[in-house]
Amino acid sequence: MIPDVHVLAIGISTERLAFLILNGLALSMLYILIASGFAVIFGITDVLNFAHGIFYMLGAYLALTVVDATGSFFLALFLAPLAVAGIGVLIERLTLHHIYDRSPLYHVLITFGVLLVVTDLVEIVWGTGTQFFQTPDALSGAATVGPIMYPRYRLFTIVAGAVVALATWLLFRYSDFGLIVRAGAQDQGTVRLMGVDISKYYTLVFGLGTLLAAIAGVLAAPFLSVNPEMGNGALIVAFVIVAIGGLGSFGGSIVAGIIVGLAQTAANTFVPELSGFVFYILLLAVLLLKPEGILGAYEIRDQSAKLSYDETIPPVNLTDRKVLSALFVLLLLPFVGLNTFMSMYGVGLVALMFVWGILALSLDTVTGYTGLISFGHAAFYGIGGYAVALGTIHVTNSFLLGLVLAMLFAGIVAWLVGAVSARLSGLYFAVVTFAVAQMLYELSVTWSDFTGGSNGLAIDRVELVGVIDVSETLTFYYVSLALLVGLYYFAKRIMYSPFGLQLKAIRESERRAAFLGYDTNKAKRRIFAISGAIGGVAGALFVTHQTFTSPETLVWIVSGDALFAMILGGVGTLFGPIIGGAVLIGLDQILTIYFDHWRLILGLIMIVIVLFAPRGLVSFYYIAQELVSGDRNPLVDRNAEIASDGDGDSAKPER
């Protein structure tokens with residue numbers, strides 16, 4: 001009787017409480033399987049696997065295929081995860097196997113490319129529509145659990161999830177395989193000296209992680225819809241739970257999965273308007289109190305977050321003859337092109353290339369020169385767009401005011417993100433930025449009275465000095481070009497100032513920079529705020545031209561595209577990402593015209609660039625120049641990098 005009294009005191013019956021707990025446990029088991037696979041892969045290989053969600057999705061689709069062919073759900077539960085694990089092993093051998101020694105930035109990008117490829121392949125094979133998976137007859141109906149009747153299938157999910165999680169823990173804790181893998185995670189060099197080929201174990205671990213994700217997909221299929229987008233939701237779940245539990249901590253994933261599953265169920269029941277924010281509220285709370293997560297160990301391997309280069313490609317000078325020639329061509333392009341080979345659409349497309357060049361430039365200032373991997377720059381892009389749209393609707397249609405608001409709000413949010421996450425680096429920082437961007441996306445969707453919700457916001461026109469319509473294509477072209485050139489010059493001056501040298505020192509070794517007396521957290525906050533403000537400019541320009549914005553500008557895919565543009569052009573060069581942004585938009589427009597599944601091709605290009613041209617397109621010019629001239633490699637040696645702003649002014653080290 002005592003339990004009933006307590007339940008009644010909080011206004012919930014015993015039956016309802018039991019139902020909520022069981023629902024929470026069923027959801028928790030799915031979360032645990034999704035996140036534990038993600039945690040296993042990261043804990044051993046240091047790979048933040050952005051393709052993890054597709055293995056969850058593949059598990060559901062392959063199970064659907066097996067059930068259609070055989071009629072047996074239990075056979076599908078056995079065969080589909082094994083098939084997905086085989087696919088995971090193949091993908092690992094073709095991609096990640098070759099780049100484990102590189103920065104996590106390349107791991108993120110190559111797995112993002114795999115995500116694009118596999119998602120489009122799924123759409124080709126199974127279609128884009130939602131498919132429904134019927135609950136197996138043997139598990140249909142309800143069973144008596146204490147005071148309530150509860151669906152048998154969900155009880156099966158709870159038991160199956162617990163058994164799989166326990167078996168995985170026992171595998172790592174007590175088997176020889178687990179011993180070798182755990183030793184390799186702590187000290188790869190020693191394990192190799194003992195004659196163990198640790199790379200083979202990395203492959204097996206990746207396969208195991210995909211197996212766990214696929215099992216979750218099969219178990220989720222009967223009570224969740226099966227569609228090509230389901231992998232995105234699973235990826236977000238994996239990110240948030242492993243960050244709460246501790247990156248790389250299998251036990252932390254279990255604890256966090258239970259907490260998040262129960263909290264999500266409670267929010268869905270009592271405060272449904274907050275259900276989309278439960279993940280992020282819990283994440284931010286944990287990061288503020290214990291940044292490494294509940295059971296995590298901060299920076300498992302200190303070098304895992306380091307981004308450095310064997311060769312440094314210095315930013316080009318605006319006074320360089322080649323640059324001046326290119327700018328002269330761009331200035332004349334609309335006038336010459338419109339009278340010969342270009343349409344107004346073509347002029348607008350080139351202007352959008354400038355916009356994406358600015359977005360990629362903003363990311364390069366923080367990633368290429370500080371080593372902080374941001375996977376949330378869509379947040380600042382979207383904030384800039386909404387600042388212009390809301391300012392135009394509620395205040396004035398002045399472009400200058402909208403631009404100031406975009407930079408101000410994007411910079412403030414970026415500074416706040418930096419204040420929360422400045423203690424972090426590497427992949428922890430990437431997870432925080434990813435979560436913040438997703439939280440803002442959820443806010444833009446749910447706060448429809450202010451943001452327009454999924455319908456977005458439309459504006460009429462944005463004016464410069466009260467008479468010039470910046471939304472008009474020609475005007476937009478020259479305004480975008482001017483801002484691109486100005487922001488490039490600004491970023492270049494920063495990177496060759498004493499502050500910029502401090503950022504490079506942080507990139508190479510944050511501990512050493514701190515030992516020399518630099519306030520590294522303060523520096524990271526500053527550069528992230530600057531980077532966010534530049535990203536806000538890109539968003540402001542995009543909305544000015546499109547005269548429309550929506551939550552799609554905040555979705556995490558935009559952040560992935562910005563990362564790709566930066567790598568495609570050449571990370572850590574400032575001008576390379578601008579080229580990468582332009583090429584990416586050009587590819588996007590061309591591929592969408594001729595191919596329905598253009599992201600498959602884009603993903604393949606992304607994978608090839610990461611594997612074979614890690615310094616991006618700009619490196620091809622220097623390689624060709626060396627081959628033609630026969631001179632020494634023109635790329636500047638990192639150890640002999642000159643601290644000069646390149647325009648004649650030397651930059652003295654900060655004291």
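Predicted model: local features only at pLDDT ≥ 70, side-chain atom pairs only at ≥ 80, totals over all residues.
**View 1. Packing of helix H3 against helix H10.** Helix H3, which covers residues 52-70, packs with helix H10, residues 230-245, at an angle of about 130 degrees, and their axes lie 7 Å apart. That angle makes H3 oblique to H10, and H3 passes H10 in a right-handed crossing. On the H3 side the residues that meet H10 are His 52, Gly 53, Tyr 56, Met 57 and Ala 60, while H10 contributes Met 230, Gly 231, Ala 234, Leu 235 and Ala 238. Sorted by class, this contact of H3 with H10 comprises seven nonpolar and three polar residues, with no charged residues. An α-helix has 3.6 residues a turn, so residues three or four places apart point the same way.

**View 2. Helix H3 and the residue that follows it.** From its first C-alpha to its last, H3 reaches 27 Å over 19 residues, which is close to the 27 Å expected at 1.5 Å a residue. Because 14 of its 19 residues are buried, H3 is largely enclosed by the rest of the structure. After H3 comes Gly 71, which has a positive phi, near 80 degrees.

View 3. His 545 belongs to helix H22, which spans residues 520-546. With a relative accessible area of 17%, His 545 counts as buried, because that value falls under the 20% cut-off. When neighbours within four places in sequence are left aside, the residues in contact with His 545 are Gly 348, Leu 352, Ser 471, Thr 473 and Phe 476.

Key: Residues numbered from 1 in each chain as written. Heavy atoms only, no water. Axes fitted to C-alpha atoms, helices over the stretch in contact; angles between N-to-C directions. Helix = DSSP H or I, 4+ residues; strand = E, 2+ residues; numbered from the N terminus. Parallel < 35°, antiparallel > 145°, perpendicular 65-115°, else oblique. Left-handed = near helix turned anticlockwise from the far one by under 90°. Contact = heavy atoms within 4.5 Å. Nonpolar A, V, L, I, M, F, W, Y, C, P; charged D, E, K, R; others polar. Buried < 20%, exposed > 50% of the residue type's maximum accessible area, 1.4 Å probe, protein only. Expected span 1.5 Å × (residues − 1).
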